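Here are my notes on the model, as numbered points. Please read them with the structure open.

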Amino acid sequence: MSNYNKYILECIELAKQALEKGNPPVGSLLVFNDKIIGRGIESGKSTGDITQHAEILAVKDALEKGYRDTLNQSILISTHEPCIMCSYLIRHHKIAKIVFGVSVPSVGGQSSEFKILETEIIPKWGKKPTIESGILQHECELLNQQFTDYLSNQ
């Protein structure tokens with residue numbers, strides 16, 4: 001059992017809140033020294049603002065709380081692999097580690113052909129983050145199925 005399970009379980013609860021509003025089921029946390037410093041609930045679909053991804057909102061929450069100087073020592077935890085857009089934000093802030101439940105191969109920052117989380121050719125980004133995936137993957141996949149079912153009933 002991963003030491004990240006408790007955080008992924010909280011991300012799953014956030015993802016359920018997103019799903020209740022018709023959004024993809026993504027919830028994210030930013031953790032520094034075992035303390036949650038940022039939370040994000042996917043809301044791009046319900047707000048009409050594509051930038052309202054859970055990972056971005058977790059980072060913004062941490063920034064608003066004054067944690068700018070610790071982002072490079074923090075862990076971003078999410079139900080889903082960060083997408084290309086979120087991966088850019090992660091690299092810009094030099095977040096040290098990414099932990100997620102399920103991959104998103106078509107647009108993921110690691111698993112798609114656009115490996116923003118893995119590249120080290122952009123000098124100002126520096127070293128790539130450590131990545132740990134597949135944490136409570138089955139539970140995250142169940143949320144995806146609920147979203148797919150929701151969409152097919154629309």
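Is N144 buried, exposed or partly exposed? The answer comes in point 1, after a word on the ground rules. This is a predicted model, where local features need pLDDT of at least 70, side-chain atom pairs count only at pLDDT 80 or more, and totals for chains, interfaces and linings use all residues. Residues are numbered from 1 along each chain as its sequence is written, and side-chain values use heavy atoms, with hydrogens and water left out.

1. **N144.** N144 is partly exposed, at 26% relative accessible area. The cut-offs are under 20% for buried and over 50% for exposed, with partly exposed in between (1.4 Å probe, protein chains only). N144 sits in helix 5. Helices (H or I, at least four residues) and strands (E, at least two) are DSSP runs, numbered from the N terminus. Beyond its neighbours within four places in sequence, N144 contacts P25, H80 and V102; contact means heavy atoms within 4.5 Å. I122 is 22 residues from N144 in sequence, yet 33 Å from it in space, C-alpha to C-alpha.

2. Five strands make an open, mixed sheet, in the order 2-1-3-4-5. Two strands pair if DSSP finds at least two bridges between them. Strand 2 (35-41) and strand 5 (130-132) are the edges; each has a single partner strand, so one side of each lacks a neighbour in the sheet. The twist from one strand to the next averages 15 degrees. Strand 1 (residues 27-32) and strand 3 (residues 75-80) run antiparallel, joined by four bridges. V31 has I75 as its bridge partner in strand 3.

3. **Helices on the sheet.** Helix 1 (residues 5-20) lies across strand 1, strand 2, strand 3 and strand 4 (97-102). Its direction is at about 145 degrees to strand 1. Helix 5 (residues 137-152) also packs on the sheet, touching strand 3 and strand 4, at about 60 degrees to strand 4. Axes are lines fitted to C-alpha atoms, for helices over the stretch in contact, and angles run from 0 to 180 degrees between N-to-C directions.

4. **Nonpolar cores.** A nonpolar core is a set of buried Ala, Val, Leu, Ile, Met, Phe, Trp, Tyr and Cys residues joined through side-chain atoms within 4.5 Å. The largest has 20 residues, of which Y4, Y7, I8, L29 and I77 touch the most other members. Helix 1, strand 1, strand 3, strand 4 and helix 5 each give two or more residues to this core. Helix 1 supplies the largest share, seven residues. Apart from this core lies another, of 14 residues, including A58, V59, L71 and I90.

5. **Cysteines.** The whole structure has zero disulfides, a disulfide being a pair of cysteine sulfur atoms within 2.5 Å. For C86, the closest cysteine sulfur is in C83, 3.7 Å away and too far for a bond. For C140, the closest is in C11, at 8.0 Å, again too far. C86 is buried, at 0% relative accessible area. C140 is also buried, at 0%.

6. **Positive phi.** Which residues deserve a look at the backbone? N33 has a positive phi of about 50 degrees, though it is not a glycine. D34, also not a glycine, has a positive phi of about 60 degrees. Most residues other than glycine have a negative phi. N33 is exposed at 63% relative accessibility, and D34 is exposed at 64%.
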